[in-house]
Amino acid sequence: QGYEGLVEGGDNIKQANWLSVSNIIQLGGTVIGSARCKAFTTRAGRLRAARNLVERGITNLCVIGGDGSLTGADIFRSEWAGLLDELVRDGQISEEVARQNCRLNIVGLVGSIDNDFCGTDMTIGTDSALHRIMEVIDAITTTAQSHQRTFVLEVMGRHCGYLALVSGLASGADWLFIPESPPEDGWEDLMCERLGE
């Protein structure tokens with residue numbers, strides 16, 4: 001469950017084996033779970049996470065996520081030495097344990113369906129999201145045609161219109177709204193005219 005698992009510890013942190021990753025390559029989403037973690041935004045939460053990692057001898061993290069996850073990883077990395085010092089002061093770990101775990105190595109991978117990170121053609125998750133969107137569009141297109149109805153489809157993407165634009169192009173959408181190009185005044189009349197045609 002992301003940082004929530006680090007903070008809570010216990011059974012949330014376990015060693016993966018071949019069985020853990022067997023038969024998952026075709027699945028979209030994350031099999032290890034994902035969660036927004038308010039506790040990790042506080043020093044106290046990061047202190048608990050540090051203790052949970054040190055207790056297991058974990059000093060390497062692979063963080064897959066968006067802006068919040070990667071920002072959290074950078075803060076955690078920059079505070080690591082101070083967190084260990086605090087754990088020693090509080091008597092939660094020994095100086096020897098702190099020395100053995102003095103370095104935290106982090107690899108950050110951009111995992112965002114929004115595809116809104118420069119320096120990469122496609123972020124982790126975008127392809128799966130587009131695949132799901134196209135499945136939905138394929139399913140509702142025949143229904144829309146047989147009932148002679150207009151369907152409105154909203155996709156995720158926050159401030160980035162990539163998913164909407166690509167799925168709109170692939171499906172031959174008649175009208176498209178994306179944040180990068182807000183509609184001009186009078187768009188309602190223009191849209192009704194277009195749909196009327």
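Buried means under 20% relative accessible area, exposed means over 50%, and partly exposed is anything in between, using a 1.4 Å probe and protein chains only. Keep in mind that this is a predicted model: local features need pLDDT of at least 70, side-chain atom pairs count only at pLDDT 80 or more, and totals for chains, interfaces and linings use all residues. Residues are numbered from 1 along each chain as its sequence is written, and side-chain values use heavy atoms, with hydrogens and water left out.

**Exercise 1. Work out which residue Glu96 meets in a salt bridge, and where the two residues lie.**

Step 1: A salt bridge is a side-chain nitrogen of Lys or Arg within 4 Å of a carboxyl oxygen of Asp or Glu.

Step 2: Find the partner. Glu96 pairs with Arg99 at 2.8 Å, N to O.

Step 3: Glu96 has a relative accessible area of 40%, so it is partly exposed, while Arg99, at 52%, counts as exposed.

**Exercise 2. Trace the salt-bridge network that includes Arg43.**

Step 1: Start with Arg43 and Glu86, whose side chains meet at 3.2 Å, N to O. Arg43 is in helix α2 and Glu86 in helix α3, 43 residues apart.

Step 2: Now take Glu79 and Arg46, with their closest N and O atoms 2.6 Å apart. Glu79 lies in α3 and Arg46 in α2, so this pair ties together parts 33 residues apart in sequence.

Step 3: Glu79 and Arg46 are both buried, whereas Arg43 is partly exposed at 33%.

Step 4: Salt bridges with shared partners join Arg43, Arg46, Glu79 and Glu86 into one network.

**Exercise 3. Describe the surroundings of Ser112.**

Step 1: Locate Ser112: it's in the loop between β2 and α5 (126–147).

Step 2: With 10% relative accessibility, Ser112 counts as buried.

Step 3: List its contacts (heavy atoms within 4.5 Å). Leaving out residues up to four places away in sequence, Ser112 touches Thr123, Ile124 and Thr126.

**Exercise 4. Find how far Val136 is from Val97 in sequence and in space.**

Step 1: Read off both separations: 39 residues in sequence, and 52 Å in space, C-alpha to C-alpha.

Terms used: Helix = DSSP H or I, 4+ residues; strand = E, 2+ residues; numbered from the N terminus.
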